[in-house]
Amino acid sequence: MTTAYAPGKVILFGEHAVVYGRPAIAVPVTQVRACAVVEDAPSGQGSVIHATDLNLHHHVGTPLTADDPAYPLEATVRHTLEWLGIENMPDLTLTVSSTVPIARGLGSGAAIATAIVRALAQHLGRSPTSREVSNLVYQTEVIHHGTPSGIDNTVVALEQPVYFVKGEPVQILRLEQPFWVVVGDTGIASPTKIVVGDVRRGWQKDRDRYEALFDHIAAIVLRAREAMVAGDTTRLGSLMDENQGLLDALAVSSPELERLISAAREAGAMGAKLCGAGRGGNMIALATPQKAQDIAASLREAGAVNVIISEVKPSQPV
Ligand code: PMV
């Protein structure tokens with residue numbers, strides 16, 4: 001039996017603009033995680049996937065439509081076996097579970113796929129590098145999101161704070177000191193594919209305005225990278241606020257997100273913004289360790305259905 005885990009993630013800066021070649025910064029969130037367990041099965045069974053949270057039981061090879069929840073799971077299995085050079089479906093049972101909320105900007109799809117790739121590859125005798133895992137998970141992200149930037153699979157597979165530009169080698173951020181974030185969930189599921197599609201339609205109608213907004217976000221990300229590495233949380237907080245203003249201009253914020261963002265700021269957050277695709281999902285606030293609990297309580301009062309306090313730790317060598 002082989003078990004593998006993968007964390008959730010939050011995008012600290014640069015979502016949406018990252019799809020258009022601008023940089024973004026994301027960090028892992030280890031308080032939530034996906035788990036995949038692979039076990040040998042009786043000869044002739046083939047591969048069976050159980051997703052306990054979705055009450056899903058799927059025999060790999062049974063016909064599926066692209067909107068079936070089993071589709072990305074089966075695709076992940078197939079891509080991994082292809083990468084391993086295994087042509088015949090092995091006899092095994094794969095059980096997947098996850099505490100990463102779905103469609104809330106915390107990288108649920110990437111976390112599940114990462115855990116599957118790792119558990120399956122290890123069970124079949126290979127240990128892929130984090131970058132190999134990330135590349136395989138990217139193929140699943142395409143199924144979930146259509147035109148993903150690749151940031152989710154990168155940060156989840158590497159489990160490190162990353163500075164990411166699509167198509168370029170990823171940079172792992174070497175932080176001087178840890179910092180704390182409070183993540184608040186609006187309770188509204190917001191599929192990334194839909195919001196990314198809306199932004200694309202806006203960009204197609206008014207390229208100059210959207211390109212200018214993306215450039216402004218890119219400038220914030222560069223300043224945020226410096227502030228993060230230097231441990232300048234005051235600057236980091238005001239850059240988050242500035243990034244939020246631009247996400248609002250892209251029409252990806254929502255009254256629920258704005259309510260949580262205001263509540264966090266009023267409770268002493270150094271800065272706050274939505275994280276991920278927006279419209280619903282989660283927001284993130286930068287906190288001192290002393291203020292984190294107060295901010296979490298204010299978020300709950302303001303309607304957050306779930307709150308996570310997470311320490312962003314200096315990176316480990318990979
Ligand atoms: O909703 P999430 O966490 O999957 O984040 C999506 C981030 C976007 O920049 C909006 C899309 C992408 O592919 O990078």
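Trainee: How many helices and strands are in the protein chain?
Mentor: The protein chain has nine helices and eleven strands. Keep in mind that this is a predicted model.

Trainee: And what does the C-alpha trace span along its principal axes?
Mentor: About 60 × 45 × 35 Å. The radius of gyration is 19 Å, which agrees with a compact globule, because 318 residues packed that way would give a value near 20 Å.

Trainee: What does the domain assignment give?
Mentor: Two entries: domain 1 covers 2-172 and domain 2 covers 179-312. Their C-alpha centres are 25 Å apart.

Trainee: How many residues are in contact between domain 1 and domain 2?
Mentor: On the domain 1 side, 31 residues; on the domain 2 side, 48 residues. Together the two domains bury about 3100 Å². Carbon and sulfur atoms carry 65% of that area.

Trainee: Which three residues supply more than any other three of what domain 1 buries there?
Mentor: F13, H16 and Y20. They account for 24% of the area that domain 1 buries against domain 2.

Trainee: Switching to charges. How many salt bridges does the rule find across the interface of domain 1 and domain 2?
Mentor: Four. The rule also finds 13 residue pairs in polar contact across that interface, with both partners at pLDDT 80 or more.

Trainee: Which elements supply the side of domain 1 that touches domain 2?
Mentor: β1 (2-13), β2 (24-40) and α3 (130-145) each give at least two residues. The largest share comes from β2, with six residues.

Trainee: How do the residues on that side divide into nonpolar, polar and charged?
Mentor: There are 19 nonpolar, nine polar and three charged.

Trainee: Back to salt bridges. How many does the structure hold?
Mentor: Eleven. One of the structure's pairs is E15 with K273, whose side chains meet at 2.9 Å, N to O.

Trainee: Where in the chain do E15 and K273 sit?
Mentor: In distant parts, 258 residues apart. E15 is in the loop between β1 and β2, while K273 is in strand β9 (residues 271-275).

Trainee: What does R22 form a salt bridge with?
Mentor: D215. The closest N and O atoms of R22 and D215 are 2.9 Å apart.

Trainee: Why can side chains pair like that?
Mentor: Opposite charges can pair when the charged atoms come close.

Conventions:
Residues numbered from 1 in each chain as written. Predicted model: local features only at pLDDT ≥ 70, side-chain atom pairs only at ≥ 80, totals over all residues. Heavy atoms only, no water. Domains from an automatic or database assignment. Contact = heavy atoms within 4.5 Å. Buried area = accessible area lost by both parts, 1.4 Å probe. Polar contact = N/O pair within 3.5 Å; in protein donor to acceptor, adjacent residues only side chain to side chain. Helix = DSSP H or I, 4+ residues; strand = E, 2+ residues; numbered from the N terminus. Nonpolar A, V, L, I, M, F, W, Y, C, P; charged D, E, K, R; others polar. Rg over C-alpha atoms; globule rule 2.2 N^0.38 Å.
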